[in-house]
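Trainee: Please walk me through how to read a model like this one, feature by feature.

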Amino acid sequence: MAGTRSHSIIEPRNLRSGAVFSSPHSGRTYPPAFVRRSRLGLRQLRSSEDAFVDELFAAAPACGAPLQIAHVPRAIVDLNRSPGDLDPLVVKDARPAAGNPRVAAGLGVIPRVVTGSQRIHRRQISAREAESLLLEHHHPYHSDLGALMRRAHRQFGRAVLIDCHSMPRASLRQEMRPEIVLGDRHGASCSPEILDAIDAAFVLAGFRVARNSPYAGGYIAELHGRPEDAMHVVQVEIDRSIYMDEAALTKRPEFTSVRSRLDIIICAICDLAASRLPLAAE
């Protein structure tokens, strides 16, 4: 295992695939000083975590691909936001991000709120504090993730990053209720052939799948996805209610069966990304 305080990387014993797995919102290491400065208690702060997602995708190294796991909580730094997404209501003297709905909603790179629009900070932080957080957590995460993708591309002719997330049940419309939402930024971050194959793997495992709605992909897909260069990113969102109690932040009995089904999908994705045969869009 390698990495920094912000994250770790679990490498496979034998690198057999161009797939890379990343869990950027699984961080649950809350410094006591941060909790003391917050308006919220630890349980409230944890509401924005993608709890247990790193465990759901833990089979990646055994299937031949690296797994990068965040330790810094999303309530401190959101690794799936641009470093320029600074909220002037959080960071003193930050320039307003005009037209950025995520920042306006309090979900910038240093978030203003957690789930339920609960404000995190008692006071604004300085620009120097914000830069320190980005240098310590955000920049290393993306530097290492980019290096894993370049290695995958170099050795296997393509890189396929699976950006692993979970979604609250309440965010899903009643009439569709997908269990999985695959995001490729409407074709900008992944080739259609690879997305189709990943979609088929989830369907074969018995999941209800939707694409790009309500989640099409964030900064990770935007930054690292270049399908024209055989660098693909697919964001995977899993309905939390199928494996955990969202209010209690505890696993449901179904957790083990969901993880077993995902194990099969993970290995199928690794097999897909191991092939050196060119796909039509590459």
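Mentor: Start with the element names: helices (H or I, at least four residues) and strands (E, at least two) are DSSP runs, numbered from the N terminus. This is a predicted model, so local features need pLDDT of at least 70 and side-chain atom pairs count only at pLDDT 80 or more, while totals for chains, interfaces and linings use all residues. Residues are numbered from 1 along each chain as its sequence is written, and side-chain values use heavy atoms, with hydrogens and water left out.

Trainee: How many helices and strands does the protein have?

Mentor: Eight helices and twelve strands. The radius of gyration is 18 Å, close to the 19 Å of the globule rule for 282 residues, so the protein is as compact as a globular protein of that length. (That radius is taken over C-alpha atoms, and the rule is 2.2 Å times the number of residues to the power 0.38.) Along the principal axes, the C-alpha trace spans about 55 × 40 × 35 Å.

Trainee: What share of the residues is buried?

Mentor: Cut-offs before the answer: buried is under 20% relative accessible area, exposed is over 50%, and partly exposed is in between (1.4 Å probe, protein chains only). By that rule, 52% of the 282 residues are buried. As for contacts (heavy atoms within 4.5 Å), take those with a separation of 6 or more: residues 24 or more positions apart account for 80% of them.

Trainee: Now the backbone. Which peptide bond is cis?

Mentor: The general idea is that most residues other than glycine have a negative phi, and most peptide bonds are trans. Here, the bond from S213 to P214 is cis, with omega near 10°. P214 sits in the loop between β9 (209-211) and α7 (219-224).

Trainee: How do I read a core?

Mentor: In soluble globular proteins, nonpolar side chains tend to be buried together. A nonpolar core here is a set of buried Ala, Val, Leu, Ile, Met, Phe, Trp, Tyr and Cys residues joined through side-chain atoms within 4.5 Å. The largest one has 40 residues, and F21, F57, I162 and Y243 have the most contacts inside it. Elements that each supply at least two of its residues include β3 (19-23), β7 (159-167) and α6 (192-204). α8 gives the most, with eight residues.

Trainee: What does F21 touch beyond its neighbours within four places in sequence?

Mentor: Among its contacts are F57, A60, L67, Q68, I162, C164, I266 and C270. There is also a second, separate core of 33 residues, which includes L148, I220, M231 and V233.

Trainee: Q68 turned up in the F21 list. Is Q68 buried or exposed?

Mentor: Buried, at 0% relative accessibility, and it lies in strand β4. Leaving aside neighbours within four places, Q68 is in contact with residues including H7, I9, F21, Y141, D144 and L148. Q68 and L148 are 80 residues apart along the chain, yet their C-alpha atoms are separated by 9.2 Å.

Trainee: Where is H138, and what surrounds it?

Mentor: H138 lies in helix α5 (residues 127-156) and counts as buried at 1% relative accessibility. Beyond residues up to four places away, H138 touches V77, D78, L79, R81, S82, P83, V109, L133 and Y219.
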